[in-house]
Amino acid sequence: MYFTLKNACKEKFSAHHKSQQIYLVLLLFSAFLLETTFEISKVSFLSRLSIKEVFLIMVNSIALAVILLLPVLILIQRLTSMFAFKNFFLYLIYLFLTLVLVIISFVHIDTFLYSSFQIDITDFSPLFHKIILFLMLTSSFFISFLLLKNWHKGLLRFKRTTSVVVLIILSVFVTSLLYRGYITSSWSVNISETKAKKYPNIVLFSTDGLNASHMSLYGYHRKTTPTIDRFASESIVYTRAYSNAGNTRGTVISILTGKHPLTTMLLYPPDILMGRDSFEHLPAILSSIGYYWIDIGDGIYTSPRQCNLVGGINNENGYERETGVWFITFKKLFNLEVYFISDMLSRYLDKISFLLGRSQRLLYFKQMIHGIETEYLTDEKRLKIALDKIREKREPFFLHIHMMKTHGPKFRNPKKRYAKDKKIIEDWDIDVYDDAIYTMDSYFGEILTTLKREGLYENTLIIFHTDHGFKWDTLSALPLIVHLPGQKEQVIIDQPVQYLDITPSILSYIGVNIPEWMEGEPIFPIKNLKEIKKERAFIIVETRGIYDRKAKAWVKPYIGPPYYGLTTIALLKDTYIYKVYLETSETVLYNIENPLRPLEVEMDKKTVAEYKKALESLLDNNYKLELNTND
């Protein structure tokens with residue numbers, strides 16, 4: 001009877017540990033399943049992928065997590081066998097792991113409430129945040145004590161059930177690698193030829209939502225840009241420059257990649273770069289020839305990390321980034337899996353950091369949607385990081401900085417000049433907007449002054465531009481000013497150019513071959529104005545976010561995958577812009593003989609037919625996108 005009881009207890013104990021092992025595997029699987037369900041329940045970076053691809057990303061992410069957790073679990077086992085107070089040590093581990101479980105649950109509940117009812121933790125008082133933290137800690141303690149007791153005894157005893165589950169995961173993992181293959185870049189730089197060259201430093205300075213029509217450089221009646229006016233006197237000034245997208249992310253990434261937003265399918269958050277597009281870009285090319293790339297932006301819309309631009313970025317917003325060959329190789333194998341895991345962890349950490357009062361990132365994101373005031377990485381902080389990096393003199397360097405002072409509908413803390421007597425400020429107030437431009441101009445002046453003080457100005461290529469116009473205007477001409485190292489005279493270019501031309505122009509100037517996948521054409525240096533083609537056709541796209549500011553509601557974008565959020569497509573050709581509204585199939589024609597103030601004109605059938613044919617030809621040949629119009 002003794003042996004029967006002993007064997008029964010042993011079998012019960014073994015079954016208990018088997019169930020715990022299965023529980024751990026299922027717990028890990030459910031965490032990623034919840035995250036995947038959340039991502040596919042709304043418009044996300046997974047939206048334009050097939051169900052098979054989404055499944056592979058989820059399984060691969062679980063496999064990566066298992067591989068990364070195994071050394072941690074082995075370390076825990078070794079530590080518990082070494083210390084006499086192992087029970088206390090284990091209970092700390094219980095508490096930590098269950099706290100992670102509670103955090104995961106909290107984040108998913110909070111995200112669900114925000115997605116469904118636009119309510120999240122940022123809407124409650126600091127006292128409520130402390131109560132949430134207290135409940136999370138206490139619930140973690142009781143869960144660890146009641147549910148996870150003795151789980152460690154079978155943690156690393158991989159019985160048959162657990163081994164089969166792990167083997168299945170790893171098998172799918174390896175199979176998916178064979179299915180997907182290794183991403184190879186289609187460009188290369190002859191390093192032996194470039195090492196002997198002395199490259200100029202490059203500054204790419206942009207500010208959000210700036211119309212050329214509000215700059216004194218372009219004839220505005222107020223002296224809003226005195227610094228830029230002086231800078232332009234020894235630069236190339238383009239009077240007909242246009243963005244290829246009507247939003248920040250689409251424009252910034254199209255400039256950095258040299259690819260049209262319709263090519264990368266990156267139009268608006270949460271779109272990201274995928275496949276080869278993640279690795280084919282200007283930062284990667286310049287990094288291969290020795291450039292130190294500094295990227296300073298809003299951390300969301302312009303962030304290379306958030307947009308999944310991999311490699312080439314040495315420092316983003318003051319923090320060093322991984323650019324090693326092993327990291328790039330790993331990303332070429334598991335590009336979207338790494339993004340999926342890092343995005344998940346980032347949201348968890350941001351929420352908890354906010355509860356602890358250490359982060360304003362969530363408020364910053366809500367500011368971009370609702371216009372809420374925040375102090376997360378202000379323009380002043382961005383400027384300080386930029387000036388500090390310039391003083392480091394890591395030549396050759398590439399500084400890309402994007403300012404938000406001119407971003408509406410609220411213009412935050414500008415130097416008061418034109419709106420100094422105003423007490424009540426409405427959204428999109430022109431006087432405050434002009435003050436914001438004047439303030440931004442002074443920040444640009446500090447960049448120039450520091451370059452000169454450090455003896456770098458004469459060897460620096462400086463480019464000034466914006467991302468889109470006031471209220472996301474895509475019809476009016478936008479500013480583009482380029483100063484070549486050593487340039488002393490002003491050159492004015494009246495031919496139409498697009499922001500896609502910036503990146504191939506940089507490569508052309510420094511003597512690096514332009515990859516075939518870049519879609520723009522060099523527009524500097526200018527030896528002969530005939531070098532810029534007069535008869536060029538550009539495509540400009542506009543997008544709408546998944547949140548409607550006016551209706552204060554989540555909306556379903558008109559065009560589905562792969563072009564979520566796409567609302568209009570326009571063709572700029574000669575002195576006209578032909579615009580198609582995709583939701584209604586209506587078309588409009590604008591005359592841009594005065595590029596600062598486009599004028600809607602009546603359309604004769606011949607002109608409409610000509611522009612419609614030209615647009616359809618470009619779309620069909622390059623993007624495989626069909627148009628339906630009422631013409």
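Select residues 576-581, strand S15, and then residues 586-591, strand S16: the two run antiparallel and six bridges join them. Two strands count as paired if DSSP finds at least two bridges between them. Strands (E, at least two residues) and helices (H or I, at least four) are DSSP runs, numbered from the N terminus.

This is a predicted model, in which local features need pLDDT of at least 70 and side-chain atom pairs count only at pLDDT 80 or more, while totals for chains, interfaces and linings use all residues. Residues are numbered from 1 along each chain as its sequence is written, and side-chain values use heavy atoms, with hydrogens and water left out.

**Around strand S16**

Stay on the pair and pick Tyr-576; its bridge partner in S16 is Asn-591. Next, go to the hairpin of S15 and S16, which has four residues between the strands. Select Ser-585 there to find a positive phi near 65 degrees.

Now show the surface of S16. Five of its six residues are buried, where buried means under 20% relative accessible area, exposed means over 50%, and partly exposed is in between (1.4 Å probe, protein chains only).

Leu-589 has Val-601 as its bridge partner in S17.

**Salt bridges**

The structure holds 24 salt bridges. A salt bridge here is a side-chain nitrogen of Lys or Arg within 4 Å of a carboxyl oxygen of Asp or Glu.

Select Lys-573 and Asp-574, whose closest N and O atoms are 3.4 Å apart in a salt bridge. Lys-573 is partly exposed at 22% relative accessibility, and Asp-574 is partly exposed at 33%.

Move to helix H14, residues 379-392. Glu-392 and Lys-389 form a salt bridge there, 3.4 Å from N to O. They are about one helical turn apart because three residues separate them in the helix. Glu-392 is partly exposed at 37%, whereas Lys-389 is buried at 9%.

Then select Lys-488 and Glu-458, a salt bridge with its closest N and O atoms 3.3 Å apart. Lys-488 lies in the loop between strands S8 (478-483) and S9 (491-493), and Glu-458 in the loop between helix H15 (430-453) and strand S7 (460-466), so the pair ties together parts 30 residues apart in sequence. Lys-488 is exposed at 55%; Glu-458 is partly exposed at 47%.

For the last stop, select Arg-222, Lys-422, Asp-429, Asp-431 and Asp-434, which are linked in a network of salt bridges.
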